[in-house]
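Hi,

Here is the structure I said I would pass on.

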Amino acid sequence: MPTLMVQGTTSDAGKTTVVAALCRWLARQGVSVAPFKPQNMALNSAVTVDGGEIGRSTALQALACGLEPHSDMNPVLLKPQSDCGAQVILRGKVHGNMDALDYHAYKAEAMNSVMASWRALSARFDVVIAEGAGSPAEINLRANDIANMGFAEAADCPVLLVGDIDKGGVFAQLVGTLALISDSEQARTAGFIINRFRGDIALLEPGLDWLAEHTGKPVFGVLPYLHGLVIDSEDSVSAAGTSEAGALKVVVPVLPRISNHNDFDPLRLHPGVDLVFVGPDESIPPADLIILPGSKSTRHDLQWLKQQGWPEAIQKHLRYGGKLLGICGGFQMLGLRVEDPDGLEGEVGNTEGLALFEMVTRMVSGKQLRQVTGKLSPEVTESGVTATMTGYEMHNGVTEGSALARPFAELDSRPDGAVSADGQMAGTYVHGLFDEPAACDAILCWAGLNTQNARSVDYQSHRLQQLDRLADQVEQCLDTDRLRSLLQL
């Protein structure tokens with residue numbers, strides 16, 4: 001079945017949004033389409049319908065297609081644990097930890113998983129829209145490439161090259177990338193898409209004509225810069241949104257190995273929330289609620305918190321009546337100790353926690369991956385109110401201790417997390433807990449938000465609206481007849 005690959009001149013050129021836009025555009029026409037990303041490096045991931053995990057951006061593209069995410073959509077997922085090492089996930093399951101050099105040598109074998117997943121998708125869907133990673137012109141990574149042209153050559157599919165004009169130098173990006181790939185790779189590059197343009201298109205048209213004449217490749221279109229677009233980010237922590245006066249102040253530390261920071265997207269959109277991300281060496285502002293986010297390397301990030309002065313800031317925050325919430329790795333940090341006897345997240349050893357809950361976490365093999373539903377416990381909801389919640393678990397740790405006697409939620413008839421006896425602190429293993437408006441409102445009211453300001457966004461509906469907005473741009477700004485021809489439609 002037809003496969004089209006979207007590659008970028010750089011990281012963050014807009015590959016993810018272009019693939020999501022194309023998927024949504026095709027799905028709205030009734031085309032059976034699926035997304036595919038051969039290799040992804042990201043700490044934001046999603047649980048799949050078959051019990052695996054894939055990059056969060058690919059899961060967003062699955063939503064654009066009207067599909068549940070499946071591990072075949074992202075057969076190789078690398079989750080960095082240090083600057084030189086990562087956890088390698090093949091077809092949704094943990095394969096092991098590798099340093100960069102070992103993985104580079106392993107890529108030829110990983111290609112077997114890539115091609116098996118692609119063939120499986122091709123058998124189930126009429127069209128596959130694939131997304132590259134980084135740039136195809138990274139000369140040092142060309143050997144055994146599986147993420148960009150290496151896959152395109154193996155699958156014998158056409159490629160569209162995307163460049164981000166908002167950063168400047170887009171013509172140099174496109175022409176330079178084309179010049180640095182092989183003759184066969186140049187031949188399969190069907191054309192260009194220019195992304196994030198703002199201004200008068202008439203001023204750009206002479207450059208487009210030159211590009212097509214100079215390279216012999218057509219420009220499929222120019223996509224505009226979409227103001228206010230809020231869509232799942234791959235890696236970078238997005239800036240907070242706007243909020244109304246008197247909003248609830250929520251502060252989140254940007255851990256070095258922060259994972260699944262998409263948890264906070266519904267809070268960015270909430271008009272009653274002032275969300276602030278605090279990076280390294282930045283001052284920690286006063287807050288109504290501090291949230292410790294998920295982490296891929298809990299012990300490493302716990303040490304970073306201590307070095308940055310967060311334990312003292314949290315103690316002061318609690319003395320002044322503020323609320324504290326830990327999510328997944330952030331929940332583990334609230335206990336007495338985090339143990340890693342097998343070095344699953346790095347070095348073997350134990351790290352003292354923040355000692356705010358009577359509990360100990362031990363890292364064990366066999367990652368918990370599951371989608372969950374349930375309801376918040378009465379300790380974090382108003383009397384008589386039942387707040388339903390949905391989300392997913394994704395962790396290695398097993399937590400035990402007396403603190404768990406007061407759970408944060410009941411999930412599928414089992415307890416999750418903990419709430420302190422005074423109701424000031426809480427923790428949960430569930431990611432995505434703010435996606436459900438009822439749960440989001442309940443947690444924010446627990447943190448001090450006035451119930452009159454509890455107007456959470458239906459985040460799933462919002463994501464679909466954003467995807468439709470992207471698909472509209474495909475219809476309005478790209479050469480859809482040329483796209484149809486490329487896809488053999």
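The side chains of His431 and Asp263 make a polar contact at 2.8 Å (a pair of N or O atoms within 3.5 Å; within protein, one must be able to donate a hydrogen and the other to accept it, and residues adjacent in sequence count only if both atoms are side-chain atoms). Bear in mind that this is a predicted model, where local features need pLDDT of at least 70 and side-chain atom pairs pLDDT 80 or more, while totals for chains, interfaces and linings use all residues. Numbering runs from 1 along each chain as its sequence is written, and side-chain values use heavy atoms, with hydrogens and water left out.

Why start with His431? The unreviewed UniProt entry annotates Cys328 and His431 as "active site"; positions follow the numbering used here, feature names are shortened, and such annotations may be inferred rather than shown by experiment. The two span 104 residues in sequence, but no two of their C-alpha atoms are more than 7.2 Å apart, so they gather at one spot. Both Cys328 and His431 are in the lining of the largest cavity (on a 1 Å grid over the protein atoms alone, a set of points where a 1.4 Å probe fits but cannot get out; lining residues have an atom within 4 Å of a point).

His431 sits in the loop between β26 (425-428) and α12 (437-447), and Cys328 in the loop between β18 (323-327) and α11 (329-333). Helices (H or I, at least four residues) and strands (E, at least two) are DSSP runs, numbered from the N terminus. His431 is buried at 1% relative accessible area, and Cys328 is buried at 5% (buried means under 20%, with a 1.4 Å probe and protein chains only). Leaving aside residues up to four places away in sequence, Cys328 touches His431, Gly294 and Met394, among others (contact means heavy atoms within 4.5 Å).

Now the aromatics. There are 5 aromatic pairs (ring centres of Phe, Tyr and Trp, the last by its six-membered ring, within 6.5 Å; planes under 30 degrees apart are stacked, over 60 edge-to-face, the rest tilted). One of them is Phe36 with Phe151, tilted, at 5.2 Å centre to centre and 45 degrees between the planes. Phe36 lies in strand β2 (residues 33-36) and Phe151 in helix α4 (residues 149-155), so this pair ties together parts 115 residues apart in sequence. Phe36 is buried at 0% relative accessibility. Phe36, Trp118 and Phe151 form one aromatic cluster.

Cheers

Note on methods
1 Å grid on protein atoms, 1.4 Å probe; cavity = no way out; pocket = protein on both sides within 12 Å on 5 of 7 lines; lining within 4 Å. Buried < 20%, exposed > 50% of the residue type's maximum accessible area, 1.4 Å probe, protein only.
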